[in-house]
Amino acid sequence: MMRWENLILDTVQIGGSLVFLTEKAPSQQREWFKPLQNHFAHEIPFVLRRTDDLLTEKFKTRPEDLVIVFSEQKEVLKKLNHVLQGQRVLVTEHEGEKNPYVDFAWNCDEEVWTHALQSLRANWDRLQAPVDFAKSGESPCLFLDRDDVIVKNVPYNKDPDAVQLMPGIEELINRAHAAGYWVALVTNQSGLGRGWISWHDYQLVHQQMMRLLAQKGCWIDECVWSPFIDQEGVPQGRFLAGLRKPRAGMFQMVHAKLKVNMSKSAMVGDSASDLMAAFSAGVKDLYLFNSEKVEKEKQELYRFQTENPQFSYNLILDFKEVEI
């Protein structure tokens, strides 16, 4: 396949869509949709977006998307530059044309476009996973829950002065870094989704935690939090359900960004959902840190283990028991 077929293919394989803009669209734009529908039906997703809807963030594009812009729409890109995510392909008469608002210039017309899709269709059934996105790196990661692991649990805390590090957590983090691990925070924060904590409240508590860690000479490389909570009406609580543990979404985000070797990684949490999510993500070593709710969590893990015979974990009373 040629360069442009691969660009379209890469977009689809990483979960992106083809995005077309409606403002100042040339008449031939809609002719480009026909071969997409004829050759791929719903296998290559594409959408049309109005400029005003993107500017007001009524709809958003994503880094995985491929935005296809015609020469007549070059000026539109200037207006959208601060909100438009994704790679941008300018359809032009001059391939390689320099434009600060685009990533690629494609000398393409309807015939070339149709031929590219035909070529992609002919190779579709022989496709393999893109190596660069499927291959893990060499570094393992120490995944940590926040409350009762990094800091003492204060339910729905919004007071930075109430933040206290758990005894020994700095030694564990430093030990992980010395062994070549990434360190990542993955935490459910339903208080955000319920509207009991504002983003500003969370920011202040989070930054105080990071400040205290820095005073101990350690740091966290990546932090991910999930505000999702089922059946809540606050907007933050309705989105991205796949991030909330026991789903593996937060681990997948860290893996995608840091290229983590999950099979050599470890998770320390105080809840069954922490370990279940890590197991689902392929994390090797799972540690349940003792807390007041440990008996309840052990019962939940026992039920999970009956359905997943390969699941196992270690109950620990001290962070020194974590093998790094």
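User: Buried means under 20% relative accessible area, exposed over 50% and partly exposed in between, with a 1.4 Å probe and protein chains only. What percentage of the 324 residues of the protein chain counts as buried?

Analyst: This is a predicted model, in which local features need pLDDT of at least 70, side-chain atom pairs count only at pLDDT 80 or more, and totals for chains, interfaces and linings use all residues. Residues are numbered from 1 along each chain as its sequence is written, and side-chain values use heavy atoms, with hydrogens and water left out. Of the 324 residues of the protein chain, the part that counts as buried is 45%.

User: How many helices and strands are there in the protein chain?

Analyst: Helices (H or I, at least four residues) and strands (E, at least two) are DSSP runs, numbered from the N terminus. The C-alpha atoms of the chain fill a box of roughly 65 × 40 × 40 Å along the principal axes. Within the chain, the count is 13 helices and 11 strands.

User: Among contacts between residues at least 6 apart in sequence, what percentage joins residues at least 24 apart?

Analyst: Contact here means heavy atoms within 4.5 Å. Once pairs at least 6 apart in sequence are taken, the part joining residues at least 24 apart is 67%.

User: Which residues of the largest nonpolar core touch the most other members?

Analyst: A nonpolar core is a set of buried Ala, Val, Leu, Ile, Met, Phe, Trp, Tyr and Cys residues joined through side-chain atoms within 4.5 Å. In soluble globular proteins, nonpolar side chains tend to be buried together. The largest such core here has 29 residues, and those that touch the most other members are Leu142, Leu144, Ile150, Ile169, Leu213 and Val268.

User: Which helices and strands each supply at least two residues of this core?

Analyst: Two helices are listed, H7 (169-178) and H9 (199-215). The strands that each supply at least two residues are S6 (141-144), S7 (182-188), S9 (266-269) and S10 (285-289).

User: Leaving aside its neighbours within four places in sequence, which residues is Ile150 in contact with?

Analyst: Ile150 is one of the residues that touch the most other members of the largest nonpolar core. With its neighbours within four places in sequence set aside, Ile150 is in contact with Leu144, Asp145, Gln164, Leu165, Met166, Ile169, Leu185, Met209, Leu213 and Ile220.

User: Are H12 and H13 roughly parallel or roughly antiparallel?

Analyst: Axes are lines fitted to C-alpha atoms, for helices over the stretch in contact, and angles run from 0 to 180 degrees between N-to-C directions. Helix H12 (residues 272-280) packs against helix H13 (residues 294-307) at about 30°, with the axes 9 Å apart. Angles under 35 degrees count as roughly parallel, over 145 as roughly antiparallel, 65 to 115 as roughly perpendicular and the rest as oblique. H12 and H13 are therefore roughly parallel.

User: By class, which residues does the contact of H12 with H13 have?

Analyst: Ala272, Leu275, Met276 and Phe279 of H12 meet Glu297, Glu300, Leu301 and Phe304 of H13. Ala, Val, Leu, Ile, Met, Phe, Trp, Tyr, Cys and Pro count as nonpolar, Asp, Glu, Lys and Arg as charged, and the others, Gly among them, as polar. By class, the contact has 6 nonpolar, no polar and 2 charged residues.

User: What do the buried residues of H12 pack against?

Analyst: H12 is mostly covered, with 7 of its 9 residues buried. They are Ala272, Ser273, Asp274, Leu275, Met276, Ala277 and Ala278. The elements these buried residues pack against are S7, H11, S9, S10 and H13.

User: Which residues of H2 and H5 make the contact?

Analyst: Helix H2 (residues 33-40) and helix H5 (residues 110-123) pack at about 15°, with their axes 10 Å apart, and are therefore roughly parallel. The contact joins Pro35, Leu36, His39 and Phe40 of H2 to these residues of H5: Trp113, Thr114, Leu117, Gln118, Leu120 and Arg121.

User: Is Asp148 buried, exposed or partly exposed?

Analyst: Asp148 lies in the loop between S6 and H7 and has a positive phi of about 70° although it is not a glycine. Because its relative accessibility is 22%, Asp148 counts as partly exposed.

User: Which residues does a cis peptide bond join?

Analyst: The bond has an omega of about 20°. Its proline is found in the loop between helix H10 (235-238) and helix H11 (249-258). The residues joined by this cis peptide bond are Lys245 and Pro246.
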